[in-house]
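Have a look at the structure first, then read on.

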Amino acid sequence: MAAQSDGGKAGVGCGGGGFAQLYDVDTEEPLDSAAIHICQCCRTSACYWGCRSACLGSLLGGGQPAGGAGIRETHCPPREQLWLDCLWIILALLVFFWDVGTDLCLAVDYYRRQDYLWFGLTLFFVLVPSVLVQILSFRWFVQDYTGGGLGEVEGLTKRGAVALGCLYPGRDRLQLATIWLWQATIHILQLGQVWRYIRTLYLGVMSRRQKEHQRRWYWAMMFEYADVNMLRLLETFLESAPQLVLQLCIMIQENRAETLQCISSLASLLSLAWVLASYHKLLRDSRDDQRSMSYRGALLHLFWRLFTISSRVLSLALFASLFHIYFGIFVVVHWCAMAFWVVHGGTDFCMSKWEEVLFNMVVGIVYIFCWFNVKEGRTRHRMVAYYIVVLAENTILTGLWYAYRDPVLTDSYAVPALCGVYLTFAGGVLVMLLYYGFLHPATAHLQPSPASSCCAQLLWGLPLPPSAPPTAPPTPAHMTKSQTEEDVAETCLPVFQVRSAPPISKPEGPLIKIDMPRKRYPAWDAHYVDRRLRRTINILQYITPAAVGIRYRDGPLLYELLQYESSL
């Protein structure tokens with residue numbers, strides 16, 4: 001990675017996953033069509049990052065965003081939003097401790113009762129996934145820290161200029177050794193995720209309270225929160241999901257349910273549902289081309305996952321209690337079929353081919369228990385197909401168990417178990433329909449909330465409306481018909497007509513141009529999964545006092561050029 005400075009111009013290059021360039025604002029070239037949108041805050045056509053920077057300046061300085069007179073003043077999100085964000089992270093941390101703590105207590109209980117088989121399996125599903133996740137977490141830390149350019153908000157360097165060519169950002173060797181020792185210690189103690197949750201909470205609060213370098217704190221918080229959510233998603237489906245099936249299978253085989261077993265199973269179930277809801281909420285919040293998921297929607301998403309996972313896990317546990325070998329065969333076959341389905345769909349989550357293959361294999365494990373969207377577009381048909389397959393599998397698994405069970409031992413709970421499988425499945429589908437009908441972010445008939453302004457979207461991750469196609473600009477719900485027609489007439493002239501220059505508010509800081517197409521939802525943006533792009537952003541956030549903008553390669557503009565050339 002290299003950086004240059006010549007007369008106010010700079011360039012930052014990243015090999016491999018993409019090429020990032022830094023352009024000075026004064027020499028910025030005209031914006032492409034994908035970077036133009038109609039701002040909900042100032043109701044003008046403006047550059048996406050320019051509008052965000054102008055609105056942030058209005059928020060911090062109390063003035064009006066650049067764009068002309070008569071623009072209404074914007075305000076910060078309500079303070080309750082801060083406490084909701086903090087409460088959500090604290091509850092996620094408590095669920096993590098509850099899940100892991102009850103599993104460890106249950107393993108100790110099996111050891112005291114001399115049930116060494118159950119003790120070994122329970123401890124295995126706790127330690128092995130935890131070690132794998134800690135290795136991945138520490139690897140991410142090493143990639144971020146040794147690359148240089150981490151700003152002071154990352155808590156890794158002192159105030160002062162940073163030499164971009166140096167290997168480590170800190171000048172104090174004692175501080176450097178302390179940081180490495182601390183990170184190594186918390187990861188050896190299997191507390192890497194706990195530390196990341198605490199850092200996310202700290203950075204989130206500081207991004208609200210620190211008026212200076214507020215954008216830097218926000219970037220650091222979003223990066224840290226994305227990391228911990230990806231790590232938790234991996235761990236829950238390697239630890240909580242198998243643990244839940246194991247404990248239910250033990251209770252069915254022994255024909256009794258201990259209190260600690262029930263508490264551990266409930267914790268694993270809640271952990272699975274919570275991580276899925278938190279992951280999807282953050283993924284939407286991190287993308288500016290998607291609307292944010294409200295906390296009411298996240299709670300409904302949580303209950304949807306609770307019910308459907310309960311039905312699936314109960315049917316798996318019933319079948320596994322009698323058919324041990326066939327259960328393993330069924331899991332492997334289902335995993336292979338789901339992984340092939342995911343690969344055939346063509347995902348775009350990772351930066352390399354082998355990482356994508358590994359990701360598809362992990363998603364295949366997720367599909368054993370629940371639905372997980374990995375492809376852009378309407379998911380209705382794929383979701384219906386998945387739930388039909390799952391319902392058929394649940395029926396076959398529970399039917400075989402009911403046919404070959406021991407009536408003397410199982411008559412007391414056989415019918416309630418079957419009712420539980422189908423009632424929880426029906427309840428999950430019903431909650432899912434309620435979520436998509438009323439609280440899904442893409443629901444058309446919902447009015448945007450008062451906090452859905454560019455300023456709120458900038459600080460809290462609430463995304464702006466999608467970028468306008470070349471011939472169809474977005475129409476915010478709160479705009480009147482006359483206002484919409486006027487904006488369309490001003491900003492969306494035909495392709496072959498000379499366009500009038502829209503009132504563009506230029507970004508306050510440098511603009512990172514990434515020479516690669518933007519990853520499509522529901523994938524993360526490249527600067528969240530590519531650590532090199534992260535280092536580029538951290539470098540620029542540290543060396544420039546203004547906010548850094550990001551723009552990916554523009555597909556619609558290339559389409560317009562090809563259309564123009566083909567018509568000549």
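A disulfide here means a pair of cysteine sulfur atoms within 2.5 Å, and the structure holds zero of them. This is a predicted model, where local features need pLDDT of at least 70, side-chain atom pairs count only at pLDDT 80 or more, and totals for chains, interfaces and linings use all residues. Residues are numbered from 1 along each chain as its sequence is written, and side-chain values use heavy atoms, with hydrogens and water left out.

**Cysteines**
- Cysteine 105 comes out as partly exposed, at 44% relative accessibility. For the cut-offs, buried is under 20% relative accessible area, exposed is over 50%, and partly exposed is in between (1.4 Å probe, protein chains only).
- Cysteine 262 is also partly exposed, at 38%.

**Helix α6**
- The expected span is 1.5 Å times one less than the number of residues.
- There is a kink of about 40° in α6, centred on threonine 236. The bend at a residue is the angle between axes fitted to the seven residues ending there and the seven starting there.
- Of the 41 residues of α6, 37 are buried, so the helix is largely enclosed by the rest of the structure.

**Helix α3**
- Helix α3 (residues 116-146) has 31 residues and reaches 44 Å from first C-alpha to last, close to the 45 Å expected.
- α3 has a kink of about 25°, centred on phenylalanine 124.
- Its buried residues include Trp118, Val126, Pro129, Trp140, Phe141 and Tyr145.

**Surface patch on the nonpolar side**
- Leu84, Leu87, Ile90, Leu91 and Leu94 make a nonpolar surface patch of about 410 Å². Patch members have over 30% relative accessible area and no salt bridge, and nonpolar side chains (Val, Leu, Ile, Met, Phe, Trp, Tyr) are joined within 5 Å, like charges within 9 Å.
- Leucine 94 lies in helix α2 (residues 79-112), and is exposed at 51% relative accessible area.

**Threonine 398**
- Threonine 398 sits in helix α11 (residues 380-404) and is buried, at 1% relative accessibility.
- The C-alpha atoms of threonine 398 and serine 315 are 5.7 Å apart, although the two residues are 83 residues apart along the chain.

Technical notes:
Accessible areas come from the Shrake-Rupley method with a 1.4 Å probe; for residues, only the protein chains shown count as cover. A salt bridge is a side-chain nitrogen of Lys or Arg within 4 Å of a carboxyl oxygen of Asp or Glu. Helices (H or I, at least four residues) and strands (E, at least two) are DSSP runs, numbered from the N terminus.
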